[in-house]
Amino acid sequence: MWEFVHRTSLIPAYVRRTRGGALVKSALARELDRSEKGTLSYSLGQALTGIFCERKLGVTHLLHIDRYGSRWGVVFAATKKRADLFGLSPTGWVVAEAKGRSNGMEPALPNTLVAQKRSVKSISGKRPWLALGCVAAFPPHRHELSITAVDPDEEGPEPVDVDLDRDRYMLAYYEPFLAAIAAGTPQVRDQRYLASRLGLLDLRVGLRRDIAVRVQQASQGELSGLYDSVVELLDSGFELDEAATAFPMGRWSGLTGRMPSPSTTGASDPDLIG
């Protein structure tokens with residue numbers, strides 16, 4: 001729970017939006033020491049890689065490889081160059097390595113990304129459709145947040161195979177939403193959503209009720225078929241309620257039903273809806 005609080009506080013604390021729409025570091029971010037900058041850079045790298053994979057590659061349910069491994073006791077080959085994230089796009093599995101930098105991207109970093117993004121050889125016995133590396137950084141000549149994507153190459157040394165079960169993958173993705181909802185104060189705006197408010201953050205977090213019910217069933221032992229059930233529900237033509245600012249797969253949303261700017265994420269009544 002406290003990790004959730006920490007992560008949801010980083011962006012409004014350290015990133016601002018200019019009048020022209022660019023994202024820049026706040027005055028507080030510019031005063032951080034090296035270790036604190038590393039934490040912020042890591043989170044920005046993860047977040048922007050997720051946005052890039054969704055907007056440009058159509059990836060849904062992007063999940064950290066270590067989240068899946070720790071949840072289900074999956075042991076990977078010993079290597080320090082394993083990619084961070086993976087998710088399914090309409091064309092196939094995507095593997096992504098995420099990096100963040102508090103200033104510009106150093107010249108040697110693309111080579112490091114090339115090695116790490118090639119570190120997953122297969123998922124469920126199938127070669128990933130795409131492997132890429134993404135870097136979120138603030139180039140010195142612009143001081144505005146940017147993202148650089150490094151295209152794929154051949155496999156790197158010591159690639160690993162991810163023995164993945166899609167039902168377990170989906171449960172690992174949605175469980176944190178249920179945990180966050182359980183930690184808050186129940187709040188009902190739309191009966192189609194299971195939601196609660198986290199007063200400390202003035203944040204509402206929720207999940208479509210039909211998906212929440214199916215995920216709860218899976219966590220209680222009815223795991224088989226979870227992946228197909230969730231996909232079917234998401235494809236069922238569910239009409240989003242703009243007033244409820246709800247999204248199907250879990251992300252920040254503002255009062256307009258769109259991704260809010262980091263400068264307003266901490267403002268009144270932000271939502272995180274699954």
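Biologist: What makes strand E11 and strand E12 (residues 203–208) count as paired, and in which sense?

Modeller: In this predicted model, E11 and E12 are joined in the antiparallel sense over 6 bridges. Pairing requires at least two bridges found by DSSP, so the 6 bridges between E11 and E12 meet that criterion. Tyr193 has Arg208 in E12 as its bridge partner, and the two strands form a hairpin with 4 residues between them, where Asp202 in the turn has a positive phi of about 50°.

Biologist: How do you know that strand E10 (residues 185–186) and E11 pair, and how many bridges are there?

Modeller: E10 and E11 pair in the antiparallel sense over 2 bridges, and since the criterion is at least two, this pair of strands qualifies. Thr185 has Arg197 in E11 as its bridge partner, and a hairpin of 6 residues leads from E10 to E11.

Biologist: Why is strand E11 (residues 193–198) called largely enclosed by the rest of the structure?

Modeller: A residue is buried when its relative accessible area is under 20%. In E11, 5 of the 6 residues are buried, and the strand is therefore described as largely enclosed by the rest of the structure. Across the 274 residues of the protein, 49% count as buried.

Biologist: Why are H6 and H7 described by a word for their orientation, and which word is it?

Modeller: Helix H6 packs with helix H7 (residues 209–219) at an angle of about 110°, their axes being 10 Å apart. Angles from 65 to 115 degrees count as roughly perpendicular, and H6 and H7 are therefore roughly perpendicular to each other. The contact brings Leu171, Tyr174, Glu175 and Leu178 of H6 against Ile211, Ala212, Val215, Gln216, Ala218 and Ser219 of H7; by class it holds 7 nonpolar, 2 polar and 1 charged residues.

Biologist: At what angle do the axes of helix H6 (residues 166–183) and helix H8 (residues 226–234) cross, and what is that angle called?

Modeller: The axes of H6 and H8 come within 7 Å and cross at roughly 60°. On the H6 side the contact is made by Arg166, Asp167, Met170, Leu171 and Tyr174, and on the H8 side by Leu226, Tyr227, Val230 and Leu234. These residues divide into 7 nonpolar, no polar and 2 charged; Arg and Asp are counted as charged, so Arg166 and Asp167 supply the charged part of the contact.

Biologist: How do you know where the buried residues of H8 lie around the axis?

Modeller: The buried residues of H8 are Leu226, Tyr227 and Val230. They span an arc of only 100° around the axis, which places them on the same side of H8. That buried side packs against E3, E4, H6 and H7, whereas Asp228 and Glu232, which are exposed, sit on the face turned away from it.

Biologist: Which residues of helix H4 (residues 65–72) are buried, and what covers them?

Modeller: Ile65, Tyr68, Gly69 and Trp72 are buried in H4. They cover an arc of only 95° around the axis, which puts them on the same side of H4. Their cover includes strand E3 (60–64), strand E4 (85–88), strand E6 (120–123) and H6. Gly73, which follows H4, has a positive phi near 65°.

Biologist: What makes a strand an edge of the sheet of 5 strands, and which strands stand there?

Modeller: The sheet is open, with the order E3-E4-E5-E7-E8 and mixed pairing. E3 and strand E8 (146–150) each have a single partner strand, so one side of each is left without a neighbour in the sheet, and they stand at the edges. Direction ignored, neighbouring strands in this sheet are turned by 25° against each other on average. Within the sheet's order, strand E5 (residues 93–100) and strand E7 (residues 130–137) run parallel and are joined by 7 bridges, with Gly100 opposite Ala136 in E7.

Biologist: Which residues does Val24 touch, leaving out those up to four places away in sequence?

Modeller: Val24, in strand E2 (residues 23–25), touches Tyr14, Val15, Arg16, Thr18, Phe138, His143 and Glu144. A contact requires heavy atoms within 4.5 Å, so each of these residues meets that cut-off with Val24.

Conventions
Residues are numbered from 1 along each chain as its sequence is written. This is a predicted model: local features need pLDDT of at least 70, side-chain atom pairs count only at pLDDT 80 or more; totals for chains, interfaces and linings use all residues. Side-chain values use heavy atoms; hydrogens and water are left out. Axes are lines fitted to C-alpha atoms, for helices over the stretch in contact, and angles run from 0 to 180 degrees between N-to-C directions. Angles under 35 degrees count as roughly parallel, over 145 as roughly antiparallel, 65 to 115 as roughly perpendicular and the rest as oblique. Buried means under 20% relative accessible area, exposed over 50%, partly exposed in between (1.4 Å probe, protein chains only). The arc is that of the directions from the helix axis to the C-beta atoms.
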